[in-house]
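Welcome! Please take a moment to look over the sequence and the 3D structure before reading on.

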Amino acid sequence: MPLLNSIFSWLNIKRLHQIELFRQFPYEVQKDVFFKLVTKSKDTEYGIKYDFASIAGIEDFQKRLPIVDYEGIKPYIDKQREGSQNILWPGAIKWFAKSSGTTANKSKFIPVSNEALEECHFRGGRDILAMYTNLHPQSEIFKGKGLTLGGSHKIDNFSIDSYYGDLSAILIENIPWWADFIRTPSLKVALIPEWEEKLEKLTKETIKENVTNIAGVPSWNLVMIKHILSVTGKKNLLEVWPNLELFTHGGVSFTPYREQFQKLIPSPNMNYMEAYNASEGFFAIQDDPQTDDMLLMLDYGIFYEFVPAEEAFSNNPTALTVKDVELNQNYALVISTNSGLWRYMIGDTVMFTSKYPHKIKITGRTRHFINAFGEEVIIDNAENALRTAC
């Protein structure tokens, strides 16, 4: 373990310098990401259709490519799932993250390339630890293991060439070998598809470990914690894992759950960090525990555009880069990624709370945005109203 800690420490210092670069020069870093994506994909079917080879810059790209939702890109994804190569991204795509459906489809299947796994999803997990240990130099988080609770861990074979399942399952299937030294439960248990069976075996396996951090959606983790306390007969989670110091959460607002977690983990030394990740990519990390916004991660192989929320469904919406966004305005998030999602509107709305560094808050969904009379009501407004009323 001392050797592992030294390696992490060295890597963290190097990575924190890279993060500082995009904090100071966000547009320049994004511009570099943009040209790498377009250049790499110029010989794909999508790249040939829109002549990526002749794209001179971001404005040219925005004029030439339409903003699309899942329906707009689904025919290309279907080809990839059937085994066709060089469609949206160079080579073959083996993995597809099964995500919640749209109005016309029961499920979405989001392509996950090898580049996205390494440069985006896994880098996001490493960056959480880098930022956390930088904030807490005395942390002993690496002296124990991390427990990651994802969704229904299951991988299914669509064809002889492709597989689909929860993103969490795809990440577990592809996790580096060395991660087994710092994570729990075992792959065998983590990939059990039935929730009740997994919960029983996960409890039996993890209560023997020195768990120092947990990660996942608050609601599912709350169920897990209560089950562990029921099985062990302990009053709180620190009686099971006395060295627990971090919960990394995402997926839903943590506000309704915070008080319950503080009761179940009654320690002033317990820390909480939010991460904004989805099947489409890993986007932001809370780098300051004193604020509830998150640092937009600009070097993960994702090029960002931001459409004013009220224009999200217009025919020719305004699309801004990080250079031109304004604070306290709601934007629909549009991404072009190293998995071949091109100008893809993912359905989330965000608001910038800071520039240099660029920090965001998730405010809702494009489908849950009301602007019939200029009132601009979003989920965040509704939740704040409910909180005040309560």
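Here is a short tour of the sheet, the helices packed on it and the nonpolar cores.

This is a predicted model, in which local features need pLDDT of at least 70 and side-chain atom pairs count only at pLDDT 80 or more, while totals for chains, interfaces and linings use all residues. Residues are numbered from 1 along each chain as its sequence is written, and side-chain values use heavy atoms, with hydrogens and water left out.

**The sheet**

Eleven strands form an open sheet with mixed pairing, in the order β6-β3-β7-β8-β9-β10-β11-β15-β14-β13-β12. β6 (183-184) and β12 (302-308) stand at the edges with a single partner strand each, so one side of each has no neighbour in the sheet. Helices (H or I, at least four residues) and strands (E, at least two) are DSSP runs, numbered from the N terminus, and two strands pair if DSSP finds at least two bridges between them. Two of the pairings are set out here.

| Strands | Sense | Bridges | Opposite residues |
|---|---|---|---|
| β7 and β8 | parallel | four bridges | G216 and H249 |

Which residues of β8 are buried on its two faces? L246 and T248 are buried on one side, and F247 and H249 on the other. Buried means under 20% relative accessible area, exposed over 50%, and partly exposed in between (1.4 Å probe, protein chains only).

Contact here means heavy atoms within 4.5 Å. Helix α10 (residues 218-232) also packs on the sheet, where it touches β3 (145-149), β7 (211-216) and β8.

α6 has a helix partner too: its axis and that of helix α7 (residues 167-174) come within 12 Å and cross at roughly 110 degrees. The two helices are therefore roughly perpendicular to each other (a term for angles of 65 to 115 degrees). Axes are lines fitted to C-alpha atoms, for helices over the stretch in contact, with angles from 0 to 180 degrees between N-to-C directions. At this meeting point, L117, H121 and F122 in α6 touch L167, I170, L171 and N174 in α7.

**Nonpolar cores**

A nonpolar core is a set of buried Ala, Val, Leu, Ile, Met, Phe, Trp, Tyr and Cys residues joined through side-chain atoms within 4.5 Å. The largest one has 76 residues, of which F306 and W342 touch the most other members. Its largest share, eight residues, comes from α6. A second, separate core of 26 residues includes L147, I192, M224 and I228.

Technical notes. Parallel < 35°, antiparallel > 145°, perpendicular 65-115°, else oblique.
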